[in-house]
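Welcome! Here is a short briefing to read alongside the sequence and the 3D view.

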Amino acid sequence: ESQRPRLLGLLGFMSLVYRFAFVKSLRMVLRMKVLQVGGGLGVVLPATQLLVPSSDALGAGTLAGLGVGVVAVASSCSWYCERLVQELRLLGGGRLRVSTLTMWGHRRDRDYSLKEVEPTYPSSGPEADDAGRTFVPLHLPDHTFMLIHHPLNVRDAGSLQRLLCGLPPMRPVEAAPATSSSAPSSPAAASPPHTERRAAL
């Protein structure tokens, strides 16, 4: 039994720190939005071509406006989806997995080294004005992600607080007392640069 924490660490411990409570509802809304934009474009575009002559400047302007509107809506959805964190997990080897949604409602995972996290708060903790913030930024090299700090979403408040303060999060593997029979730990190898993968939930 005393060897179990060490075994979990060797296998690659995964600890859930944060999960957006309404991720399924958000995924449904995104897919409905894509269908709405695509269906609206599919109806309006043929109707415009039938009602307005192709040589008419008004018709050309209408088609151009529709195209710009679709691109603007798609870009806005994509921008917000790529930055609103759906899930945070601590991985083995000092890694952090940040999961977001694509515009199509699919899951997108990015893996980072914990050393790449830029502190949101000082190591002493958030100031009084920041303690009650609902939207909390998570700064990483390629993106500034956004967390919705609410009890429904936070699964490990201690680890999340330490992560945002630039401190190593406490995990069960690290917090477990060492046994006399365990071998001394070797210095941790340098973590590889962040990786990215997409998976359907």
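Two strands count as paired if DSSP finds at least two bridges between them. Helices (H or I, at least four residues) and strands (E, at least two) are DSSP runs, numbered from the N terminus. The model you see is predicted, so local features need pLDDT of at least 70 and side-chain atom pairs count only at pLDDT 80 or more, while totals for chains, interfaces and linings use all residues. Residues are numbered from 1 along each chain as its sequence is written, and side-chain values use heavy atoms, with hydrogens and water left out.

**Strand β3 and its partners**

- Strand β2 (residues 87-91) runs antiparallel to β3, and 5 bridges join the two.
- Within this pairing, Arg89 has Arg97 of β3 as its bridge partner.
- The two strands form a hairpin with 3 residues between them, and Gly93 in the turn has a positive phi of about 75 degrees.
- β3 is also joined to β4 by 7 bridges, again in an antiparallel arrangement, and Arg95 stands opposite Ser113 in β4.
- The hairpin of β3 and β4 has 5 residues between the strands, and Gly105 takes a positive phi near 90 degrees there.
- How many residues of strand β3 (residues 95-101) are buried? The count is 7 of its 7 residues, where buried means under 20% relative accessible area, exposed over 50% and partly exposed in between (1.4 Å probe, protein chains only).
- In a regular strand, side chains alternate between the two faces of the sheet.
- In β3 both faces are covered: Arg95, Arg97, Ser99 and Leu101 lie on one side, and Leu96, Val98 and Thr100 on the other.

**A buried aspartate**

- Asp109 is found in strand β4 and counts as buried because its relative accessibility is 1%.
- The side chain of Asp109 makes a polar contact of 2.6 Å with the side chain of Ser99, and another of 2.8 Å joins it to the side chain of Arg107.
- A polar contact is a pair of N or O atoms within 3.5 Å; within protein, one must be able to donate a hydrogen and the other to accept it, and residues adjacent in sequence count only if both atoms are side-chain atoms.

- A nonpolar core is a set of buried Ala, Val, Leu, Ile, Met, Phe, Trp, Tyr and Cys residues joined through side-chain atoms within 4.5 Å.
- The largest such core has 27 residues, of which Tyr18, Leu88, Val98, Leu138 and Leu147 touch the most other members.
- Elements giving two or more residues to this core are β1 (15-19), α2 (23-51), β2, β3, β5 (135-139), β6 and α4 (157-164).
- Leaving aside residues up to four places away in sequence, Leu147 touches Tyr18, Val85, Leu88, Thr134, Phe135, Val136, Leu160 and Leu164, with contact meaning heavy atoms within 4.5 Å.
- Ser159, Leu160, Leu163 and Leu164 are buried in α4.
- These four cover an arc of only 130 degrees around the axis, so they are on the same side of α4; the arc is that of the directions from the helix axis to the C-beta atoms.
- The buried residues of α4 pack against β1, β2, β3, β5 and β6.
- After α4 comes Gly166, whose phi is positive, near 80 degrees.
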